Amino acid sequence: MAEKKEKSTVQIILVPTDFSDKANRAIDYATLIASKTKARIILLHVIELAHGTNIQQDKIRKEHEKVSKPALKQALERAKLNLAGSKSRVVSLLRTGAAVTTIIQTAAEVQADLICMGNRITTGLRRFVFDTTTSGVIDLTSCPVLATTSKLPEVKLDRMLFATDFKENDLNVLQKATTLAKEFKSSIHVLHIRTKPSFDEKLRFIGFETLTRKAVEYKNLHFMELRNNDVEEGLDKAIAEIYPHLVILIHQNRSFFDAVFGSNVVDDLVYRAEIPVLVYPV
């Protein structure tokens, strides 16, 4: 029996851009998704102004606009070229403000279903006070965020990895992810890292698989459990084994203070991953 065609959960994609190579790769991923889902794409560039008088800020803003408007037009043309032959539409916005705040506010205003933005790969010690725009948006937005990289040679979403710890919202998020995966006929590998040799934990995994297969009608779901004392190390091993085109994670929204001084698996993976990471907030 053919699988039922579901309405896409992605209808509007917001793509913040600073016109860098990483931002252009985000456009490529956004247009790839839009070509399948017929989503509308909104390109956003935020002009950040230094502190100063209104006269100084107005002068700086005008100088930024002289550079930004032609660059935003080029980004728009890139997106339109990628979408040639598609029913998707793309428009652009130019706004002034703090980048993270403006992106989050704009996503809420346009009712975006997905924020797609480039991610800078960092090494060494995790940030202390200073943060990337991408990680800041992930920490504070209520919208799913696709953090893309330019490390992979091809832009494709044929193989996905969904990490679960059997939390309350995991099944709901997996259902949303599966709807997207169906658009690409992508496989989804559902992964759980078991840190302790517990029989109860094994039963939880079996129960989650059984529940999921009843709730999600998709033949291309694959369940796997790895034993590792360290969750991040286990996730790295699974990525090396499966080599997915996309990793899907769930992220608990936090306060700004927690976002700056805290740390978790999502933060660390987004910072060092060489493949795109799709983060669903709960």
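Q: Why is Thr 149 called buried?
A: In this predicted model, Thr 149 has a relative accessibility of 3%. Buried means under 20%, so Thr 149 counts as buried.

Q: Where is Thr 149 found, and what separation do the C-alpha atoms of Thr 149 and Met 117 have?
A: Thr 149 lies in the loop between strand S5 (145–148) and strand S6 (159–163). Its C-alpha atom is separated by 8.9 Å from that of Met 117, although the two residues are 32 residues apart along the chain.

Q: How do you know that the span of helix H1 agrees with its number of residues?
A: Helix H1 (residues 21–37) has 17 residues and, at 1.5 Å a residue, should span 24 Å. The C-alpha atoms at its ends are 24 Å apart, so the two values agree.

Q: What makes H1 mostly covered?
A: Of the 17 residues of H1, 12 are buried, including Arg 25, Asp 28 and Tyr 29. Lys 38, which follows H1, has a positive phi, near 65°.

Q: Why are H3 and H4 called oblique to each other?
A: Helix H3 (residues 99–110) and helix H4 (residues 133–140) pack at an angle of about 50°, their axes being 9 Å apart. Angles under 35 degrees count as roughly parallel and 65 to 115 as roughly perpendicular; H3 and H4 are therefore oblique.

Q: Which residues make the contact of H3 with H4, and how do they divide?
A: H3 contributes Ala 99, Val 100, Ile 103 and Ile 104, while H4 contributes Thr 133, Gly 136, Val 137 and Leu 140. These residues divide into six nonpolar, two polar and no charged.

Technical notes:
Residues are numbered from 1 along each chain as its sequence is written. This is a predicted model: local features need pLDDT of at least 70, side-chain atom pairs count only at pLDDT 80 or more; totals for chains, interfaces and linings use all residues. Side-chain values use heavy atoms; hydrogens and water are left out. Helices (H or I, at least four residues) and strands (E, at least two) are DSSP runs, numbered from the N terminus. The expected span of a helix is 1.5 Å times one less than its number of residues. Buried means under 20% relative accessible area, exposed over 50%, partly exposed in between (1.4 Å probe, protein chains only). Axes are lines fitted to C-alpha atoms, for helices over the stretch in contact, and angles run from 0 to 180 degrees between N-to-C directions. Angles under 35 degrees count as roughly parallel, over 145 as roughly antiparallel, 65 to 115 as roughly perpendicular and the rest as oblique. Contact means heavy atoms within 4.5 Å. Ala, Val, Leu, Ile, Met, Phe, Trp, Tyr, Cys and Pro count as nonpolar, Asp, Glu, Lys and Arg as charged, and the others, Gly among them, as polar.
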